[in-house]
Amino acid sequence: VQLQASGGGLVQPGGSLRLSCAASGARFRVKALGWYRQAPGKQREFVAAITAGRNTAYAPSVKGRFTISRDNAKNTMYLQMSSLKPEDTAVYYCTLADQGSSITPQDYWGQGTQVTVSS
């Protein structure tokens, strides 16, 4: 399984950004998918997850601002981030779990993409 994250960059506070994660080597539509992030000097933390049945889960810190989605036809997952804050600055990682119902998918990890929120 290979996961390729993209879409990171520099954005001003209050701005928006969309991350993408392309997957290969897996039966994408039956897998659970997720995003984690790690800020400098902090532990990696859960951001959001979407199950094979399209149930979603979010960390309290991003709920209402971030939206996770998936396009099974393109084997791609997205994280739409809005109302970004400086504390959202981190390396964002996409993940996949073989168990389609998992809301903490961590079986496979992609490389990270840097998101920096700064004026």
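## Disulfide

The link of Cys21 and Cys94 is right-handed, with 65° about the S-S bond. Cys21 belongs to strand S3 and Cys94 to strand S9 (residues 90-97), so the pair ties together parts that are 73 residues apart in sequence. The sulfur atoms of Cys21 and Cys94 are 2.2 Å apart; a disulfide is taken here as a pair of cysteine sulfur atoms within 2.5 Å. A search of the whole structure finds one disulfide.

Cys21 counts as buried because its relative accessibility is 3%, and Cys94 counts as buried at 0%. Buried denotes under 20% relative accessible area, exposed over 50%, and partly exposed the range in between (1.4 Å probe, protein chains only).

## Model and conventions

This is a predicted model, in which local features need pLDDT of at least 70 and side-chain atom pairs count only at pLDDT 80 or more, whereas totals for chains, interfaces and linings use all residues. Residues are numbered from 1 along each chain as its sequence is written, and side-chain values use heavy atoms, with hydrogens and water left out.

## Overall architecture

The protein comprises zero helices and eleven strands, giving the pattern β-β-β-β-β-β-β-β-β-β-β along the sequence. Helices (H or I, at least four residues) and strands (E, at least two) are DSSP runs, numbered from the N terminus.

Along the principal axes, the C-alpha atoms fill a box of roughly 40 × 25 × 25 Å. Of the 119 residues, 45% are buried. The protein exposes about 6000 Å², of which carbon and sulfur atoms supply 45%; these areas come from the Shrake-Rupley method with a 1.4 Å probe. Among contacts (heavy atoms within 4.5 Å) between residues at least 6 apart in sequence, 56% join residues at least 24 apart.

## The sheet containing S3

Four strands form an open antiparallel sheet in the order S1-S3-S8-S7; two strands pair if DSSP finds at least two bridges between them. Strand S1 (2-6) and strand S7 (66-71) are the edge strands, each pairing on one side only. Neighbouring strands of this sheet are turned by 15° against each other on average, direction ignored; the axes are lines fitted to C-alpha atoms, and angles run from 0 to 180 degrees between N-to-C directions.

S1 is joined to strand S3 (residues 17-24) by five bridges, and the two run antiparallel. Gln2 has Ser24 as its bridge partner in S3.

## Strand S4 and its partners

Strand S4 (residues 32-38) is mostly covered, with six of its seven residues buried. Seven bridges connect S4 to S9 in an antiparallel arrangement, and five connect S4 to S5, also antiparallel. Gly34 has Thr95 as its bridge partner in S9 and stands opposite Ala49 in S5.

S4 and S5 form a hairpin with six residues between them, and Gly41 in the turn has a positive phi of about 75°.

Thr51 lies in the loop between strand S5 (45-50) and strand S6 (56-58). Thr51 is buried because its relative accessible area is 5%. Residues up to four places away in sequence aside, Thr51 touches Lys31, Ala32, Arg70, Gly100, Ser101, Ser102 and Ile103.
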